[in-house]
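Q: I'm new to this one and would like a close look at a single part of it. Could you start there and then show me what lies around it?

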Amino acid sequence: MTKVFFATDVHGSEVCWKKFINAGMFYEADALILGGDMTGKAIVPIVHQGGETYKVMLMEQESTLEGEDEVQDLVKRIHDKGYYPYVTDPDEVEEIGATPGRPHDLFVEQVVETARRWMAYADEKLKGTEIQCYVCPGNDDMFELDEVIVESERVEMVEGKVIRLDDHHEMISTGWTDPTPWDTYREEDEDALQERIERMITRLEDVPNAVFNLHAPPYGSGLDEAPELTEDMQVAYGGQSLEAVGSRAVAAVVREYQPLLGLFGHIHEGKGARRIGRTLCINPGSAYEEGILQGALLQLRRRKIANYILTTG
């Protein structure tokens, strides 16, 4: 029997990444699987005002900090919320804003620097254990992350690969999704996405016993319900109206090939477990901004899932 812990959509939250890595020992798991979207949402400048005073705008609230201790405390809290703190001064803020392409370049630098720190943490914590750690970047993850993951000693980059979890279970993975309103890094039309997934399926030896680790959840599965948006991309009706936004390609391959297990993410509000035919489909959801890691712990046997539980911690 193989025990697997799955989580997804940590979006830059340092505390969630650390919880994910430590879940291996905590749950006595054989394998850790991260289903995508490691990248945070934005840089938060902490601007030096002179002396020991700094100002910062976080969550639409301006705060004043006094001294290095307060700065370092805030840096940690910003990292844990999934943003990138950047200590700077008014002159550099002006220079960044006046230089074409510099904000984007700075964001890439912060994302890559954070990913390197995360890989070093994983390498240290997993050293000397037999826990396998598999990571597949998601649609929000820039391609610069791939090389950082590949360079890790204990984290395996699994985009587009067939991975053998044990003697009986194989896993395919992709972080690519159907098109989103935000035009993210790894998205494509449904036909291309289905072709991408089916190319991996043809390399499986035992499809009915396989795990499909696909970032986008199946359309209409109940794991893909997100708040409806207005034309100007605002949440409609106070978030009370939900709509299915998953992938029709993913739904098609799950229905046709009926793997043992489908692991999904992408839609943070889509937490739950559903059956599509014989396939158990799970989206653990995400609450990364609160520093909460939502996940799924599963025990796999030769031809079945012995048991599973959705976790929060």
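Let's pick E170: is it buried or exposed?

A: Before we zoom in, a word on the model: it is predicted, so local features need pLDDT of at least 70 and side-chain atom pairs count only at pLDDT 80 or more, while totals for chains, interfaces and linings use all residues. Residues are numbered from 1 along each chain as its sequence is written, and side-chain values use heavy atoms, with hydrogens and water left out.

E170 is buried, with a relative accessible area of 4%. Here buried means under 20% relative accessible area, exposed means over 50% and partly exposed is in between, using a 1.4 Å probe and protein chains only. You'll find E170 in strand β10. Strands are DSSP runs of E with at least two residues, helices are runs of H or I with at least four, and both are numbered from the N terminus.

So what does E170 touch? Skipping neighbours within four places in sequence, its contacts include V162, I163, R164 and L165, plus R203, L204, E205 and D206. N209, A210 and V211 are on the list too. A contact, by the way, means heavy atoms within 4.5 Å.

Two of these partners are worth a second look. A polar atom of the E170 side chain lies 3.1 Å from the backbone nitrogen of E205, and one lies 3.0 Å from the backbone nitrogen of D206.

Helix α6 runs over residues 190-201, 12 residues in total, and reaches 16 Å from its first C-alpha to its last, close to the 16 Å expected at 1.5 Å a residue. That expected span is 1.5 Å times one less than the number of residues.

Which residues of α6 are buried? They are L193, R196, I197, M200 and I201. They sit on the same side of α6 because they cover an arc of only 145 degrees around the axis, where the arc is that of the directions from the helix axis to the C-beta atoms. At the start of α6, a side-chain oxygen of D189 comes to within 3.1 Å of the backbone nitrogen of D191.

One last stop is D166, whose side chain makes a polar contact (2.5 Å) with the side chain of T2. T2 belongs to strand β1 and counts as buried at 9% relative accessibility. Leaving aside neighbours within four places in sequence, T2 is in contact with D30, D166, L298, Q299 and L300. As for T312, 310 residues away from T2 along the chain, the C-alpha atoms of the two are separated by 21 Å.

Key. Polar contact = N/O pair within 3.5 Å; in protein donor to acceptor, adjacent residues only side chain to side chain.
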